[in-house]
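Please keep the sequence and the structure in view while reading.

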Amino acid sequence: AGLRLDNGKLHRFSYSTEVLLDQARGSVEGGAGYRMSSTVDISLVWRSPSSKDDQLVKVAVRDVRMENVTPRPDNRNIFLGSTAESVLGKGNLAALQRPLILHWSAGKVKTLYSYQNEHTVIKNLKRGLASLIQLQLTSGKVEEVDVSGKCAVEYQAAQNRVTRIKNLDSCKTAETGFTSHSEVLGVSSKSSSTTEFILQDGFIKSAVSEEAVTLLVNTRRATAATVLSRQKLELVKMEAGPQEVAGKDPGSVVKKLDPKLEPLGLAADRVKSECKGCPSLWQHWQKVRKHFEPESLSHAMASRSFLALIQTVRRSQKEEILKVLQNSSRSALPQVVDAVTSAQTSASLEAVLQFLDFSDPKGLVLQERFLYACGFSSHPNERMLKALLGVWNGKIGSSDIRESVVIIMGALVRKLCQKGGCELPTVLQVKKLILEGPEGSKEEAEVQMYLLAMKNALLPEAIPLLTKFSESGTGPVSTIAITTLQRYDHALITEEVKKALNRIYHQNRRVYEKSVRAAAADVLFSSSPSAMVVQNLLLSIGSLPHEMNKYMLSKVQDILHFDMSASKVVRSALRNMVAHNYDRFSKIGSSSSFSGYMARASDTTSTYSLDILYSGSGILRRSNMNIYAFSGDTQLHASQVVIEAQGLESLIAATADAGEEELESFSGMSALLFDVQLRPVTFFKGYSDLMAKMFTATGEPINVVKGLILLIDHSQV
């Protein structure tokens, strides 16, 4: 049996609901918020002839008052001298005081009947009141719908008391917010919801509910806020009330009471704020455009203007956005493309795609700014990935842009998979494109392009393919494949992968370049190596090329110094004097490997590592700088800068190392920023290209990536 109302009786309650916004640890002034107090009358309208627990209940609100939650002096009290009518408006107050009808069955609200033309805020206030009187008399865990959505709820019943504990994190709503894909750059939330009921004579005597949600910025948890909401319903008295109405079913009875009453869902609707007096996008742009010029970008106002413009773009239509793009100065336009793409709305995406002409090779700068903004997007959706796939299938005027499109699609695939979208149709199409691309490509540059896309996507099903190219590819291809494997979770690096990496390092099947062997050793050391693997790596020192000996020694010393995952097994292996002796550990050279902390705080820890490998002639072969950020159990690969050079010995009449005599002269740089691999930049390839660029050099720096990036982006509904 559930709760029941008696015919001809009216229950009069005092009711209050309040919302308080405060700092997470509380503030001296006690935060800010409002309280709405009123009288609530509850009476029986109809009871089902077949079940006494199936009832229609009338709930009427009256005598509404508004006030501050916390005491305020008169000069800071915005509610001083105000009335509910002046705060809510005459029409909204009248709507709030119009009765609502609840289809109440065994204590649960099945349907709420109210009026469709009411303001969303008024509807939500009524939904909150209806949710407060929803309960069951037996202990247990259930899933029920209330003003918060469809939530997991636990009831604890004892005599005349019932406690309802709602898991707010489990609540599912029609509209959801978003947050940054990286937890390090994201926002965490802590929530609680408890309602205490006291029962008397088969009905509610009092109900007190309290919900708290605390939001914290992960990189700086002192930046936090708490939203506290309370509801209190307390019985004042019982008196004579209306008689119940006859009828067969709830729907016909409600229509008999008032034909204008309509069923409403119990979950709250999102309140869409109307910005009265706010400037249009064009007006806003006219005000902030000077801050988007290159000479202003180093100022704090440029960042604030960038964030403000994104919010305005999110409220704007496609035509308004196109107008701004078409009328921006040439120097400010790249920054505008960053802002429009970072808005991540349907209108902004359509506008920027219509504005850009990917068939025009002269538009490379704007096209790449758009692609990188997509890659760094905080909450991409399938629509954005589909747009890039459309660009790929269309005409692309620049080979660099064609390469960037595939690489960035890989980044979007990873972000969508992290959000549970790995089986979306467009994601499946792009995964197929990336996985089948390398083996179907005849040119080495295309193979590298697809492997870089895999480096962004980090698909588990790509590991066998990456292992194959690690062992059988040319030097650059092998290096990309191996460094891609290094980005995977260590649990995915199987014994088969480790065997292949061992064969590469020890050159069991063919000769490899030093940079390839060094990359293989890095992956082995970072993937929970066995004692035998570590011992064989140590025993190889002394028989390696001159600079590689020094690199491996420095790598071992860095592992011991920085206390990495392999430190314990390396220390154990060094007890063997065959591996650990003066002959091996006295090798000299310029190559090095070093790791350290950039910052150590309670919220975030940041580390760096720098690996430098030289050729035997003293020319830089490969430099690899990595920066990681850690927050809790999550990590962010903040940046990676790799500078590579090869085949330069002929320029200084030096002798190349064994196995590298036929390498073409080359120099280039590859960068990874905030977990997104970017398109590598080639400084020169071949002696003739080097000479041509030397004579045509302007002295201007080469940009690998340039743009405004939205790092932390959070919206909670």
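Leaving aside its neighbours within four places in sequence, which residues is Ser377 in contact with?

## Ser377 and its surroundings

The model shown here is predicted. In it, once the neighbours within four places in sequence are set aside, Ser377 is in contact with His181, Gln344, Met384, Leu412 and Lys415. Ser377 itself is found in the loop between helix H10, which covers residues 364-375, and helix H11, which covers residues 382-393.

Although Ser377 sits in a loop, its relative accessible area is 2%, so Ser377 counts as buried, a word that applies here to values under 20%. A polar atom of the Ser377 side chain also lies 2.6 Å from the backbone oxygen of Cys374.

## Helix H12

Helix H12 takes in residues 399-418, and Glu403 is one of the residues in it. At 1.5 Å a residue, the 20 residues of H12 should span 28 Å, and the end C-alpha atoms of the helix are 30 Å apart, which agrees with that expectation. Of these 20 residues, 16 are buried, and H12 is therefore largely enclosed by the rest of the structure.

The N-terminal end of H12 is capped by Ser398, whose side chain places an oxygen 3.2 Å from the backbone nitrogen of Asp400. Just after the helix, Gly420 takes a positive phi of about 85 degrees.

Which residue forms a salt bridge with Asp400? The partner is Arg679, and the closest N and O atoms of the two are 3.6 Å apart. This pair links distant parts of the chain, for Asp400 belongs to helix H12 while Arg679 lies in the loop between strand S18 (676-677) and strand S19 (681-685), 279 residues apart. The two partners can also be described by their accessibility: Asp400 is partly exposed, with a relative accessible area of 29%, whereas Arg679 counts as buried at 11%.

## Other salt bridges

The count of salt bridges comes to 38. One of them joins the side chains of Asp146 and Lys166, with an N to O distance of 2.7 Å. That pair links distant parts of the chain, since Asp146 lies in strand S6 (residues 140-146) and Lys166 in strand S8 (residues 161-172), 20 residues apart. Both partners are buried: Asp146 has a relative accessible area of 2%, and Lys166 has one of 8%.

Another salt bridge is formed by Asp583 and Lys587, whose closest N and O atoms are 4.0 Å apart. Here Asp583 is exposed, with a relative accessible area of 52%, and Lys587 is partly exposed, with a value of 26%. Salt bridges also connect Arg12, Asp41, Arg62, Asp63, Lys237 and Glu239, which are linked in a network.

## An exposed loop residue

Is Pro71 buried or exposed? With a relative accessibility of 77%, Pro71 counts as exposed. Pro71 lies in the loop between strand S3 (54-68) and helix H1 (84-88), and its C-alpha atom is separated by 9.7 Å from that of Ala32, a residue 39 places away along the chain.

## The chain as a whole

These local views belong to a chain with 23 helices and 19 strands. Taken along the principal axes, the C-alpha atoms fill a box of roughly 105 × 65 × 55 Å.

Of the 717 residues of the chain, 50% count as buried. The chain exposes about 34400 Å², and carbon and sulfur atoms supply 52% of that area. Among contacts between residues at least 6 apart in sequence, 64% join residues at least 24 apart.

How values were computed
Residues are numbered from 1 along each chain as its sequence is written. This is a predicted model: local features need pLDDT of at least 70, side-chain atom pairs count only at pLDDT 80 or more; totals for chains, interfaces and linings use all residues. Side-chain values use heavy atoms; hydrogens and water are left out. Helices (H or I, at least four residues) and strands (E, at least two) are DSSP runs, numbered from the N terminus. The expected span of a helix is 1.5 Å times one less than its number of residues. Buried means under 20% relative accessible area, exposed over 50%, partly exposed in between (1.4 Å probe, protein chains only). A polar contact is a pair of N or O atoms within 3.5 Å; within protein, one must be able to donate a hydrogen and the other to accept it, and residues adjacent in sequence count only if both atoms are side-chain atoms. Contact means heavy atoms within 4.5 Å. Accessible areas come from the Shrake-Rupley method with a 1.4 Å probe; for residues, only the protein chains shown count as cover.
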